[in-house]
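Dear colleague,

I am passing the structure on to you below, and after it you will find my notes on what turned up when I went through it. Please read them with the coordinates open.

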Amino acid sequence: MALVDVIEEELIESASLYAPSQTIAELIDSRLQEIPDKDLREWVNFVLTTGFEADLACSASDISVINYTGDAGYQGGDDCIIDGYSAMLNLLAKGGQIHCNSVVSEIVQTPTEITVRCTNGHIEHGSHVLLSVPLGVLKAGSITFSPALSTQKRFAIERLGFGAFEKLIFQFENAFWRTVDNDVSGILIKGHPVFPYWLDVSASSGRPTLAAHVSGPQALALAKLDDDVAFDMAMSALSSACGGVPTVPVEWHRTNWVTDPFSRGAYTHLPPSISLQEIHNLSQPEGRLLFAGEATSTERFGYVDGAYVSGLREARRLTGGRPVKISISA
Ligand SMILES: Cc1cc2nc3c(=O)[nH]c(=O)nc-3n(C[C@H](O)[C@H](O)[C@H](O)COP(=O)(O)OP(=O)(O)OC[C@H]3O[C@@H](n4cnc5c(N)ncnc54)[C@H](O)[C@@H]3O)c2cc1C
């Protein structure tokens with residue numbers, strides 16, 4: 001096992017022993033003192049920090065160490081949904097009525113009903129509403145609530161962290177980054193201010209493809225760059241990392257989750273001194289208004305399965321605790 005993997009495993013195992021105010025950056029730092037060689041120390045610091053920041057979508061100095069468990073309890077490797085999550089959503093939504101392009105702007109509840117108003121004039125009335133907009137949207141205050149959300153709920157929205165994580169995907173004619181004696185799955189560019197971490201995703205895309213993973217502080221820096229500047233910076237970083245070869249993609253795409261008004265960031269994390277209690281508080285109903293989504297999952301905030309299970313949790317709440325079963329047929 002590589003040194004970095006050993007340290008990462010030890011960090012995760014010992015995370016619960018630390019004070020809630022301690023950050024992942026402090027934890028990494030404490031372990032680095034044991035490495036006498038300066039170059040190796042810097043490299044291990046870079047790899048660990050980049051890995052944690054890519055996983056948690058924020059700066060290693062903004063993450064509380066105490067609740068970090070990585071993927072503990074999960075087995076197997078990573079999987080990629082080739083056709084994207086809409087395939088899964090379409091199956092789940094079968095038979096239901098979906099109003100696309102309806103932006104919720106106001107939720108008003110009375111003792112007898114709850115009403116949702118959309119910017120396009122669409123209005124829905126019902127007995128309950130299950131709200132699953134991202135934490136970033138709640139933080140931005142894009143939806144007005146009447147009556148106003150409780151102080152406890154507003155504190156949770158404010159205190160929980162919602163990070164930044166973008167991807168720039170580049171497809172090429174050939175995988176020039178691979179040579180006969182290397183079969184790289186990714187490229188790390190130490191010290192690059194925006195594009196330190198690239199993954200080879202050719203297997204899932206079916207064509208030679210690299211994805212630059214840009215998270216935390218780098219993603220916030222990226223959000224300020226125009227497309228052409230971001231493109232030039234990424235290609236120049238890649239070219240230098242590959243010995244100066246010209247890098248001309250056939251196609252490229254950039255995500256903009258930070259500026260997207262329907263996400264306003266990537267996913268939830270616990271900043272220093274903030275506990276899981278805030279996530280629990282966010283998940284609590286307010287009258288006829290219920291809350292779901294990854295930010296409400298104490299077990300798996302930040303992940304798709306956390307969002308999915310939070311929906312089941314709220315469905316059970318609505319049905320008075322009866323088991324909820326979802327069957328999907330293609
Ligand atoms: C770059 C990146 C990589 C990721 N990688 C992984 C991964 O590998 N594995 C993993 O498990 N998770 C990953 N995640 C996290 C995962 O995407 C989220 O945890 C998951 O999508 C959360 O689901 P959700 O239903 O809570 O919210 P979302 O999927 O964000 O859904 C919220 C919905 O609310 C809609 N909405 C927002 N505002 C309004 C409004 N005012 N009116 C109406 N609709 C509104 C949005 O359009 C959106 O459709 C990644 C996230 C990012 C950004």
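Predicted model: local features only at pLDDT ≥ 70, side-chain atom pairs only at ≥ 80, totals over all residues.

Residues are numbered from 1 along each chain as its sequence is written.

R264 sits in the loop between β11 and β12, where helices (H or I, at least four residues) and strands (E, at least two) are DSSP runs numbered from the N terminus. Although R264 is not a glycine, its phi is positive, at about 55 degrees. Most residues other than glycine have a negative phi, and most peptide bonds are trans. The peptide bond between S146 and P147 is cis, with omega about -5 degrees, and P147 is placed in the loop between β5 (144–146) and α6 (151–159).

**Overall architecture**

The protein chain contains 11 helices and 13 strands. Its domain assignment, with bounds that come from an automatic or database assignment, gives domain 1 (3–62), domain 2 (103–162 + 266–318) and domain 3 (165–254). Between domain 2 and domain 3, the C-alpha centres are 35 Å apart. Along its principal axes the C-alpha trace spans about 70 × 45 × 40 Å. Buried residues account for 29% of the 330 residues. Of the contacts between residues at least 6 apart in sequence, 66% join residues at least 24 apart, a contact being two C-beta atoms, placed from the backbone, that lie within 7 Å.

**The ligand shell**

Which residues are closest to the ligand? They are V104, F262, G293, Y303 and A307, among the 21 residues that surround the ligand (a residue is near a molecule or strand if its C-beta atom, placed from the backbone, lies within 6 Å of it). The shell divides into 14 nonpolar, 5 polar and 2 charged residues; here Ala, Val, Leu, Ile, Met, Phe, Trp, Tyr, Cys and Pro count as nonpolar, Asp, Glu, Lys and Arg as charged, and the others, Gly among them, as polar. Both β7 (165–171) and α11 (304–318) supply at least two residues of that shell.

**Helix α3**

Helix α3 (residues 38–56) has 19 residues and reaches 27 Å from its first C-alpha to its last, close to the 27 Å expected at 1.5 Å a residue, the expected span being 1.5 Å times one less than the number of residues. Its buried residues are V44, V47, L48, T50, F52, E53 and L56. Just after α3, A57 takes a positive phi of about 60 degrees.

**Individual positions**

L210, in strand β10 (residues 209–215), counts as buried because it has 26 C-beta neighbours inside 10 Å. Leaving out residues up to four places away in sequence, L210 touches F170, W177, W198 and D200. L210 and L199 are 11 residues apart in sequence, and their C-alpha atoms are 5.6 Å apart in space.

T255 lies in the loop between β11 (251–254) and β12 (268–269), and it counts as partly exposed because 18 C-beta neighbours fall inside 10 Å. With residues up to four places away not counted, T255 touches E166 and K167.

E113, in the loop between β1 (104–109) and β2 (114–118), is partly exposed because 13 other C-beta atoms lie within 10 Å. Setting aside its neighbours within four places in sequence, E113 is in contact with H125, G126 and S127.

Conventions: Buried ≥ 20, exposed ≤ 12 C-beta atoms within 10 Å, placed from the backbone.
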